[in-house]
Amino acid sequence: METERKQDERLEQNKDERQFSFTGRVLTIGFVGGVFWSLIGYAVYMLNFTKIRPALVLSPWVVGDWKDKALGDWIGIILIGLLSMLVAIIYKVVLAKFKHMMTGVLYGIALWLIVFYLLRPMFPGLKPIQELGTNTLVTTLCLYVLYGLFIGFSISFEYDELQKARESRRSENQ
């Protein structure tokens, strides 16, 4: 009886560690994805494909001219990485079970719609959709689609690997 209890405690402890490990990986995927794709966004801004720079994320909370310079963009990139961790957690909770690439693509499109329609009033420097121009719209939509694909595919892959590991442990225990 006591050995069963100890075995149950060990299994429960391992379950918690694996779950934390999966959540840690999701947070890492979110941060890396946010930083990487906002760096790409900064590059396409510098190449004049878009009028939107990473420092835009600072505009509701920060005053001063420094935010419209390179320092603002670099701080914006880090902040986008941190916000992306929340986006990744939402994906984990809601969509991690889906293995299709289209899930990530649709997630990216949904994020683009949220930022450019719902959250636009928060960002005083973000013009209405009609005034942004075709290059900016296409470029930002593509960035969001690729970002969503990255987040979705990476998290779904990790979820699938976790499920396979659980199944193999179950079959070993039987």
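A residue counts as buried under 20% relative accessible area, as exposed over 50%, and as partly exposed in between. The exercises below apply this and related rules to a predicted model.

**Exercise 1.** Determine whether Lys 164 is buried, partly exposed or exposed, and identify which residue forms a salt bridge with Lys 164.

*Solution.* Step 1: Lys 164 has a relative accessible area of 47%, so this residue is partly exposed. Step 2: the side chain of Lys 164 meets that of Asp 160 in a salt bridge, with 3.5 Å from N to O. A salt bridge requires a distance within 4 Å, so the pair qualifies. Step 3: Lys 164 and Asp 160 are four residues apart in helix 5, and therefore about one helical turn separates them. Step 4: salt bridges with shared partners join Lys 99, Asp 160 and Lys 164 into one network.

**Exercise 2.** Describe the salt bridge between Asp 160 and Lys 99, and classify the two residues by accessibility.

*Solution.* Step 1: the N to O distance in this salt bridge is 3.2 Å. Step 2: the pair links distant parts of the chain, since Asp 160 belongs to helix 5 and Lys 99 to the loop between helix 2 and helix 3, 61 residues apart. Step 3: Asp 160, at 16% relative accessibility, is buried, whereas Lys 99, at 57%, is exposed.

**Exercise 3.** State the volume of the largest pocket, and find which residues are closest to its centre.

*Solution.* Step 1: the volume is about 880 Å³. Step 2: 33 residues line this pocket, and Val 57, Ile 80, Leu 83, Val 115 and Tyr 144 are the closest to its centre. Step 3: helix 1, helix 2, helix 3 and helix 5 each give two or more residues to the lining. Step 4: Ile 80 is located in helix 2; its relative accessible area is 25%, so Ile 80 is partly exposed.

**Exercise 4.** Classify Trp 61 by accessibility and name the surface feature to which Trp 61 contributes.

*Solution.* Step 1: at 57% relative accessibility, Trp 61 is exposed. Step 2: Trp 61 forms a nonpolar surface patch with Leu 113, Ile 114, Tyr 117, Leu 118, Leu 119 and Met 122. Step 3: together these residues have about 720 Å² of accessible area.

Conventions:
Residues numbered from 1 in each chain as written. Predicted model: local features only at pLDDT ≥ 70, side-chain atom pairs only at ≥ 80, totals over all residues. Heavy atoms only, no water. Patch = residues over 30% accessible without salt bridge, like charges linked within 9 Å, V, L, I, M, F, W, Y side chains within 5 Å. Areas by Shrake-Rupley, 256 points an atom, 1.4 Å probe, with all protein chains shown as cover. Buried < 20%, exposed > 50% of the residue type's maximum accessible area, 1.4 Å probe, protein only. 1 Å grid on protein atoms, 1.4 Å probe; cavity = no way out; pocket = protein on both sides within 12 Å on 5 of 7 lines; lining within 4 Å. Points joined across faces, edges and corners; volume = space filled by probe spheres on them.
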